[in-house]
Structures are given as C-alpha cells and as structure tokens.
Amino acid sequence: MKRIVIALLLVSLSILTLNAQNNFTIDTEQSVINWNSSMLFSFGGHHGTVKFKEGYLESDKGYITGGRFTVDMNTIINTDGEFSQNLVDHLKNDDFFDVEVYPTSTLVITKARYMDNGKIHMDGDLTIKGITESIRFEALVENEFSMMGNDRKLVTKFKIDRTKWNIMYGAKSIIDVKDYAISDAIEFEVELFY
C-alpha cells in the first residue's frame with residue numbers, strides 16, 4: 001500500500017512538472033520581423049521583412065522565461081515601393097549581412113522579467129555575421145482571436161547599432177560624404193506567433 005501511494009505521488013509530481021514547464025514552438029509562417037533603416041542626413045531609407053527559420057519560447061508556470069530563435073537571412077526582402085532585386089542582393093552581400101557565409105542569425109533570450117504593466121523586460125544574445133552582442137528590449141504577449149482559433153502573439157520593437165555586428169557599409173564613422181551616410185540604427189518590429 002505504501003508503495004502504491006508513493007508511486008501515485010511520483011506520477012502526480014511528474015505530471016505537474018510537465019505542465020509547469022513548456023516550450024512553445026513558433027509559427028514560422030505567421031511570425032515576421034519587420035526591419036527599417038534610414039539615411040542619416042537626408043530623407044529616405046528602406047524597410048522590409050525577414051522570416052524565422054525556427055524557434056521556441058520557454059515558459060514556466062505560464063510565464064515566458066527564455067527562448068531561442070533562428071532567422072533565415074535568405075528571406076530578407078524590401079517592402080518599400082516595388083521589390084528591388086538589386087537592393088536585396090546588396091543586403092545579402094558582404095557589404096551588409098554576407099548571407100552566403102552567414103545564412104542565419106540567432107537570438108537567445110537569457111532573462112525575462114515581468115513588469116506591473118504587463119510588459120516583459122528581456123535580455124538576450126543576438127548573433128549576426130558570427131558576432132554575438134547582448135541586447136535588451138521590452139515585449140508584450142497578446143492574444144488574437146481568429147477563425148483559426150486563439151493565437152498567442154509576442155510583440156516587440158527595438159533598435160540595434162549595426163556597427164557592433166560589423167555591418168559598416170555607409171556607416172557615419174567611415175563615409176566621406178554625409179549625404180550618403182546610412183543610419184547606424186536598424187529598427188525591428190517583431191510579431192511572434194506561437
């Protein structure tokens with residue numbers, strides 16, 4: 001009898017532990033990264049999208065605690081005006097992301113802190129072109145109701161200084177003619193469905 005009670009307790013604890021800790025695989029078809037870059041001293045710039053290859057969020061007792069995401073750099077496109085193969089090819093070459101050598105970029109969420117306003121302060125390690133730098137950003141979990149059911153979505157906006165990842169083309173520190181300087185900042189708006 002004692003063994004049966006102990007066995008039932010162990011099974012119950014195992015089930016509770018499994019329910020408490022979950023990984024949520026992202027929906028790579030719906031999830032998207034919107035990017036935006038601009039000229040530094042003149043009007044203009046470009047924006048577009050890049051898609052996730054794979055990824056997951058880690059959670060404990062319903063709270064996001066971490067995650068790992070891989071971005072397929074071959075999916076980068078512009079969406080400002082007409083699609084430009086020349087621009088896309090330039091973004092993929094070694095002036096920018098050197099996609100032939102570095103076909104993926106990754107983000108690993110290393111820390112998540114929930115705030116009273118419902119936002120999540122996240123720390124992460126972002127790797128682009130083989131260079132890893134720490135970043136910090138805020139995110140928010142939203143529930144979306146659609147014909148397909150209830151979709152959870154994590155949304156965030158943040159900027160990076162591209163020169164930290166050796167993306168130097170047109171950077172203000174190396175360009176001679178300021179009218180052609182490209183902002184060192186790249187803006188990202190991310191919609192992560194899971």
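**View 1. Packing of helix α2 in the predicted model.** The coordinates belong to a predicted model. Helix α2 covers residues 85-92, and its buried residues are Leu87, Val88 and Leu91. Viewed down the axis of α2, these buried residues fall within an arc of 100°, so they line one face of the helix.

**View 2. Salt bridge between Arg113 and Asp123.** The structure holds six salt bridges; one of them joins Arg113 to Asp123, with 3.3 Å between the closest N and O atoms. Arg113 belongs to strand β5 and Asp123 to strand β6 (residues 120-128), so the pair ties together parts that are ten residues apart in sequence. Arg113 counts as partly exposed because its relative accessibility is 26%. Asp123, at 12% relative accessibility, counts as buried, because the cut-off for that class is under 20%. Arg113 and Asp123 also belong to a network of salt bridges that includes Arg136.

**View 3. Salt bridge between Lys119 and Glu138.** The side chains of Lys119 and Glu138 meet in a salt bridge, with an N to O distance of 3.7 Å. This pair links distant parts of the chain, 19 residues apart: Lys119 is in the loop between β5 and β6, and Glu138 is in strand β7 (residues 131-146). Lys119 has a relative accessible area of 33% and is therefore partly exposed. Glu138 is likewise partly exposed, with a relative accessible area of 34%.

**View 4. Surroundings of Thr156.** Thr156 is located in strand β8, which spans residues 149-161. With a relative accessibility of 7%, Thr156 counts as buried. A polar atom of the Thr156 side chain lies 2.5 Å from the backbone oxygen of Glu138. Leaving aside residues up to four places away in sequence, Thr156 touches Phe137, Glu138, Ala139, Phe188, Glu189 and Val190.

**View 5. Salt bridge between Glu191 and Lys153.** The Glu191 and Lys153 side chains meet in a salt bridge at 3.3 Å, N to O. Glu191 is in strand β9 (residues 185-193) and Lys153 in strand β8, so the pair ties together parts that are 38 residues apart in sequence. Glu191 is partly exposed, with 29% relative accessible area, whereas Lys153 is buried, with 6%.

**View 6. Nonpolar surface patch.** Tyr63, Tyr114 and Val141 form a nonpolar patch on the surface. Together the three residues have about 270 Å² of accessible area. Tyr114 is part of strand β5, which runs over residues 104-114. Tyr114 counts as partly exposed, at 33% relative accessibility.

Key. Residues numbered from 1 in each chain as written. Predicted model: local features only at pLDDT ≥ 70, side-chain atom pairs only at ≥ 80, totals over all residues. Heavy atoms only, no water. Patch = residues over 30% accessible without salt bridge, like charges linked within 9 Å, V, L, I, M, F, W, Y side chains within 5 Å. Areas by Shrake-Rupley, 256 points an atom, 1.4 Å probe, with all protein chains shown as cover. Salt bridge = Lys/Arg side-chain N within 4 Å of Asp/Glu carboxyl O. Helix = DSSP H or I, 4+ residues; strand = E, 2+ residues; numbered from the N terminus. Buried < 20%, exposed > 50% of the residue type's maximum accessible area, 1.4 Å probe, protein only. Polar contact = N/O pair within 3.5 Å; in protein donor to acceptor, adjacent residues only side chain to side chain. Contact = heavy atoms within 4.5 Å. Arc of directions from axis to C-beta.
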